[in-house]
Amino acid sequence: MKMADDEIRAIVAEMLAEQHRLQQANIDAIVLRTVASVLASFGIDNDDRKELRADFQHLRRWRTSVEQAQSYTLKAVITVIATGLMGVVGLSVKVVLGK
């Protein structure tokens, strides 16, 4: 009894797919344990995930607000410098035309 090439290919493909699923499950378990041990080394329990997420969200909001404030500060400085230069040019023109 001889198997057809298509049947052999299907069996091999199925076995390879199963091996890939098993390897992926092992990798996922290893990564999960690694992340849990790193968080534990920082003093964060595995049950504190919601608090950790809230902390990171707060830090992101704070960082974006600081970046926005820096942007507004830069714009304000440029506006003050441009206004000062325009004032100097205006006074110079007044002085020259006034003589």
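View 1. The 13 positive and 12 negative charges of the chain have mean positions that lie 19 Å apart; here Lys and Arg count as positive and Asp and Glu as negative, while His and the chain ends are not counted, and the place of a charge is taken as NZ of Lys, CZ of Arg, CG of Asp or CD of Glu. The model is predicted, and local features need pLDDT of at least 70, side-chain atom pairs count only at pLDDT 80 or more, and totals for chains, interfaces and linings use all residues. Residues are numbered from 1 along each chain as its sequence is written, and side-chain values use heavy atoms, with hydrogens and water left out.

**View 2. The overall form of the chain.** The chain has 2 helices and 0 strands, where helices (H or I, at least four residues) and strands (E, at least two) are DSSP runs numbered from the N terminus. The chain is more spread out than a compact globule, because its radius of gyration is 33 Å, well over the 13 Å that the globule rule gives for 99 residues; this radius is taken over C-alpha atoms, and the rule is 2.2 Å times the number of residues to the power 0.38. Along its principal axes, the C-alpha trace spans about 115 × 45 × 15 Å. Within helix α1, which holds A17, the C-alpha atoms of A17 and L32 are separated by 22 Å, the two residues being 15 residues apart along the chain.

View 3. M3, I8, I11, V12, M15 and L16 make a nonpolar surface patch of about 550 Å²; patches are made of residues with over 30% relative accessible area and no salt bridge, like charges being joined within 9 Å and nonpolar side chains (Val, Leu, Ile, Met, Phe, Trp, Tyr) within 5 Å. M3 is found in the segment before α1 (5–41), and M3 is partly exposed at a relative accessible area of 44%.

View 4. The structure holds 3 salt bridges, each a side-chain nitrogen of Lys or Arg within 4 Å of a carboxyl oxygen of Asp or Glu. One of them joins D6 to R9, with the closest N and O atoms 3.9 Å apart, and both residues lie in helix α1, 3 residues apart, about one turn of the helix. D6 counts as exposed at 59% relative accessibility, as does R9 at 57%. Another joins the side chains of E18 and R21 at 2.7 Å, N to O, and these residues are separated by about one helical turn because they are 3 residues apart in helix α1. E18 is partly exposed at 34%, and R21 is partly exposed at 48%.

View 5. E67 forms a salt bridge with R63, with the closest N and O atoms 3.2 Å apart. These residues are 4 residues apart in helix α2 (residues 49–98), so about one helical turn separates them. E67 is partly exposed at a relative accessible area of 40%, and R63 counts as partly exposed at 40% relative accessibility.

How values were computed: Accessible areas come from the Shrake-Rupley method with a 1.4 Å probe; for residues, only the protein chains shown count as cover. Buried means under 20% relative accessible area, exposed over 50%, partly exposed in between (1.4 Å probe, protein chains only).
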